[in-house]
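Here is a short report for a first look. Please keep the model in view while reading.

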Amino acid sequence: MKTANATRPPGIPGTRDRILSVALTLFTEKGYDATSMREVAEQLGITKPALYYHFDSKEDIVRTLLVDIETQVEGLVAWAREQPFSADLRCQVLARWSDIMQAHGLTAFRFFVANRQVVLEISPDRTGMHARMGELYALLAPGCPSVEEQLRVRLALMAVNMAGFVGADIDAPEAELLNAARRLAVELMPPGA
């Protein structure tokens, strides 16, 4: 995995981020197998060598995205581990989770759902992510939580992830769908602490 973005003004995506975004869009719209690195480069208006400077292959692009997400989730779990449990912690974790999961917009959700097999082939060992998720669930429903409390925590987090898939045919701007998913996820969290 390569990274080579010079310092840039805040809010302006670097080449690496632009490649991830454009590739994800093409993989989702045309299909992963039907999209070539040449098409990604053309869509970006860069040469193939410039694209290959950042990523070795389509697999490398997807792997980079997965590693980025997993690293951010690991950071979230480490942070949550250090906090005292409270209802506010649940809201803070949910907000941070939403930021991580929604960083690439609805396209990422649609890609992961439509290309589950590709994701599994590129990153077959998902035990690290599953372990982090299990720890996050336990941190948000500590002690001896009821079945309902456990489900509420899991459903709240997954509601954020599934918004892109189940909301695909809703005629609304992406930001509105993502914000609605966040609000609904908060309502799904167990009340109180």
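## Charges

How far apart are the mean positions of the 20 positive and 24 negative charges of the protein chain? They are 3 Å apart. Lys and Arg count as positive and Asp and Glu as negative, while His and the chain ends are not counted. Each charge is placed at NZ of Lys, CZ of Arg, CG of Asp or CD of Glu.

## About the model

This is a predicted model: local features need pLDDT of at least 70, side-chain atom pairs count only at pLDDT 80 or more, and totals for chains, interfaces and linings use all residues. Residues are numbered from 1 along each chain as its sequence is written, and side-chain values use heavy atoms, leaving out hydrogens and water.

## Fold and dimensions

The protein chain has 10 helices and zero strands. Helices (H or I, at least four residues) and strands (E, at least two) are DSSP runs, numbered from the N terminus.

The C-alpha trace spans about 55 × 35 × 35 Å along its principal axes.

Of the 193 residues, 39% count as buried. Buried means under 20% relative accessible area, exposed over 50%, and partly exposed in between (1.4 Å probe, protein chains only).

F85 sits in the loop between α4 (58-81) and α5 (87-101). Its relative accessible area is 31%, so F85 is partly exposed. The C-alpha atoms of F85 and L178 are separated by 26 Å. Along the chain, these residues are 93 apart.
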